[in-house]
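Dear colleague,

I am handing over the structure we spoke about, with notes on what was found in it. Please look at the model first and then read on.

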Amino acid sequence: MQVRKGLLGVVAVTIAGLGLWAPVVTADAKSAVYYTGAAALTGAPQGVDLNDAANKDYFTISNNADGTTGTNSAQLLDAGSPTGLGNSAIQISKAGATNTWGSIWSTDKTFDLSQPETASMWIYASGEGASSIGDGMAFVLQNDTNGVNAFAHTKVFDSSSSTTPTVDDPGIGESMGVWGVDPGSYNQTNLGDSAISNSWALEFDTASNAYTPPYGAEVSAPSAFDLGKYYNSFDADGNPTGSGTTVSSTDNHIASNYPADSSIYTGTAQTGKKDAWSKPITFGSITLSPSAWTYDYSASYYYYAMQHLGYLDEGATGSGNLSDHRWHHVTMTYTPPTGSDANGSMTYTYDDKNADTGQPQTPANSATVPIILSKFSLADGSTKVRWGFTGSTGQNTENSYVIFDQIPGEADTSATATLSQQGSDGTYTTVDSSTGALTSGTPVKLEYDFKRTGGTKDWKDVNADLKIPSSISLTSGTISNPDGTDGGSVDLSKLSGTDLPVSMGTNGDGLTLSGTQSGKITLYGTVKDTTATESSTSSYFQGSNASSVAQLTGFSVKKSALNMDIDDSASTLKVNYDSGKDASVVGVAVPTDTTLSRSDITIYPELNKVALDSFKMDDEAYINPNYGNTGFTYPITNDKLKSGKNTISFYAKDTAGDKSPVISRTITAGTAQLGAMSGDLSFGSSALTGSASTLSRDGTWSLDVDDSLTSGSTWKLEAATDGMFQQNTATSTPLDGSLVYTASDGTTETLGSSPTEIASGTSDGTTTSTNIAQDWTTDTGIRLKVNSGAVEGNYAGTINWSFVNSVQ
């Protein structure tokens with residue numbers, strides 16, 4: 001008889017569960033507090049490693065910034081990593097370092113105002129402990145002619161008096177290195193001239209620059225004329241924000257504008273009276289001697305307030321939502337001009353991710369402002385500007401850090417994590433808020449999807465660091481590459497505790513994603529025999545130019561009150577297909593409630609996803625007394641099996657309402673059948689000589705026999721043919737000749753319409769593939785005998801293969 005190929009495999013799986021959903025971390029929970037800069041760096045959220053080979057030249061930190069002296073306080077610092085991978089932070093200012101300046105710029109102009117762009121970053125802006133905080137930092141887009149040396153600066157004092165000192169000092173906190181600097185002038189001044197030109201800035205302002213001198217009153221004494229306050233009024237009450245609201249004079253805030261636009265600064269005169277300094281006065285890094293300055297009677301001194309566009313109030317210093325010793329996330333989304341609109345727009349969204357998990361949360365606030373392209377004075381055809389961060393400190397200082405998880409002008413990315421449980425039909429359903437607690441033994445699937453969603457560069461060198469819930473025992477895992485190819489298996493031996501690093505790509509050097517390509521890591525496992533509540537976990541996909549976090553929502557697991565198991569050694573899980581011999585499964589169903597009897601438990605079998613009749617454990621037809629009060633034997637007749645693999649599954653229910661996890665086994669209905677073949681059997685071309693000859697095969701030929709029969713079963717492969725016939729002729733003329741088979745002992749038989757044995761074997765009970773032609777030589781195997789009467793032509797024929805099995 002003819003049979004078909006089968007494969008032996010034993011797969012243990014268990015399914016489903018009941019209980020209560022129990023997520024642990026709420027999306028909007030406050031993140032961890034770090035009271036020192038060192039602690040903030042150690043506990044930093046994951047970002048892009050700016051020190052690696054791919055990014056080391058992306059930024060420039062110049063010590064030659066326009067009008068500055070001293071050393072740039074900006075630095076690239078190593079930061080802690082929740083993944084153990086590389087991570088770095090940009091330091092703009094350091095707590096305790098007074099009168100400093102800091103700037104860092106993209107080496108090239110990479111922010112394209114004609115394309116959508118996203119900058120995604122974490123910021124930390126707080127003092128050491130309870131120390132005074134100041135002054136903040138600013139994200140800047142600029143086309144300043146100074147390039148990477150751009151920085152706001154001015155002469156600290158500017159008077160008609162020839163004895164007035166004229167010293168450049170960028171260390172004036174309220175300007176943050178980008179806005180115009182109040183020069184303390186007798187005369188009204190255009191502050192835009194001292195700002196970074198051709199720029200737009202978004203400030204993260206942690207200091208209150210809101211001193212307002214008493215209107216109409218002369219300052220009566222030098223001690224009351226406090227230079228440190230007098231020229232410190234950018235955030236004065238009542239300053240218009242452009243959106244109908246006013247600036248809170250005491251609150252931290254986020255706001256934007258065009259620093260070199262003189263119209264955003266409003267100057268107000270204040271009258272002072274003549275008096276001489278009685279002692280040296282220090283302002284910033286400048287010390288004035290008593291003889292260096294005197295007041296004129298009734299002289300006007302100007303102080304300046306600044307217009308804040310897209311104003312976001314983040315609460316009081318130290319207790320609000322900016323300088324509160326936490327990491328905060330900012331997403332900046334630029335939309336280029338569309339249609340007839342010559343301007344773009346920028347939306348900045350604050351605190352939109354949780355620093356502990358890296359996952360989205362309800363933002364604190366958001367604003368959208370126009371981006372007026374003409375402000376950048378771009379040359380015709382140019383669309384790109386430089387971008388970076390600036391900052392400066394006066395007497396108050398802070399740690400100002402930035403970590404990028406997506407760099408503008410690079411790749412926009414995303415990642416997700418999903419947990420699914422397998423049902424009795426073999427399909428997986430997502431575990432969500434409507435799902436009960438997973439029962440021990442439930443088979444589960446963890447899927448981690450990562451995707452490039454936009455940007456101008458590929459997402460490069462992507463590897464993963466996965467956090468595996470402790471209640472899941474992994475059994476296997478696969479990687480799907482972005483191009484759709486198989487990325488191989490996940491090396492589960494790398495699992496350490498709950499941390500599973502996954503190296504992807506050739507030699508583990510990471511994957512590259514282009515366009516909207518996506519990849520996937522899929523892990524399979526089962527729920528451990530435990531009762532637990534799992535917190536949400538964050539897994540990281542780290543590339544050289546972008547990082548994304550995939551959060552798996554928390555869930556609960558519980559031990560099952562009713563469990564099943566199968567005794568493989570007592571079961572008959574392999575039979576030969578169409579042999580008349582039946583398979584059987586020997587199992588147990590054990591309730592934790594020992595008062596339940598057999599009559600209280602019902603077993604529900606399923607074969608190849610088709611439900612079979614259920615039975616009571618006390619049904620005499622199924623009782624197996626070898627396992628006490630819990631055993632059963634379930635027969636599966638041979639005629640219900642398909643050739644190859646069959647899946648038999650069971651679950652149990654008791655009268656108390658408990659349901660066991662599904663437990664499954666594979667039953668193999670063994671066969672012997674043809675497997676892989678290298679192609680048609682060819683004998684090439686040969687010249688007719690008028691004499692008989694025998695042609696060997698043209699090249700190497702192979703034909704596999706796949707054997708999954710039970711041990712001791714024999715099989716025999718036979719071949720038959722109706723002969724070879726001339727092709728492409730009006731009549732199908734037979735070849736004067738025949739196919740022949742020559743055995744290794746030299747015995748030759750002519751192949752005809754009656755079957756001829758070609759190969760045979762005895763199964764050892766395992767699944768094997770054997771190439772029956774592997775030992776054929778030029779003088780053995782199937783060949784073509786051409787008789788002397790053969791005529792020229794192209795000939796072809798068909799070999800009919802069949803198996804004869806002696807099954808056990």
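The side chain of N463 reaches the backbone nitrogen of M504 at 2.6 Å, which is a polar contact in the sense used here (a pair of N or O atoms within 3.5 Å, where within protein one must be able to donate a hydrogen and the other to accept it, and residues adjacent in sequence count only if both atoms are side-chain atoms). Before going further, please note that this is a predicted model, in which local features need pLDDT of at least 70 and side-chain atom pairs count only at pLDDT 80 or more, while totals for chains, interfaces and linings use all residues. Residues are numbered from 1 along each chain as its sequence is written, and side-chain values use heavy atoms, with hydrogens and water left out.

N463 itself sits in strand β25, residues 459–467, where helices (H or I, at least four residues) and strands (E, at least two) are DSSP runs numbered from the N terminus. At 17% relative accessibility N463 counts as buried, the classes being buried under 20% relative accessible area, exposed over 50% and partly exposed in between, with a 1.4 Å probe and protein chains only. Its C-alpha is 6.3 Å from that of V502, although 39 residues separate N463 and V502 in sequence. Contact means heavy atoms within 4.5 Å, and, leaving aside neighbours within four places in sequence, the contacts of N463 include V502, S503, M504, Y540 and F541.

On confidence, pLDDT being the predictor's confidence in each residue from 0 to 100, the protein chain has a mean of 83, and 83% of its residues reach 70 or more.

Of the contacts with a separation of 6 or more, 78% are between residues 24 or more positions apart.

The largest nonpolar core has 41 residues, and F139 and W200 have the most contacts inside it; such a core is a set of buried Ala, Val, Leu, Ile, Met, Phe, Trp, Tyr and Cys residues joined through side-chain atoms within 4.5 Å. Strand β7, residues 117–126, gives the most to this core, with four residues. A second, separate core of 33 residues includes L419, V462, V527 and A546.

Two further buried polar residues may interest you. E314 lies in strand β15, residues 309–316, and counts as buried at 3% relative accessibility; a polar contact of 3.0 Å joins its side chain to that of N365. E314 and T206, 108 residues apart in sequence, are 9.2 Å apart in space, C-alpha to C-alpha.

N87, by contrast, is found in the loop between β3 (75–78) and β4 (88–93), and N87 is buried, with a relative accessible area of 4%. Polar atoms of the N87 side chain lie 2.9 Å from the backbone nitrogen of G47 and 2.8 Å from the backbone oxygen of G80. Beyond four places in sequence, N87 is in contact with residues including A44, V48, L77 and I403.

With best wishes
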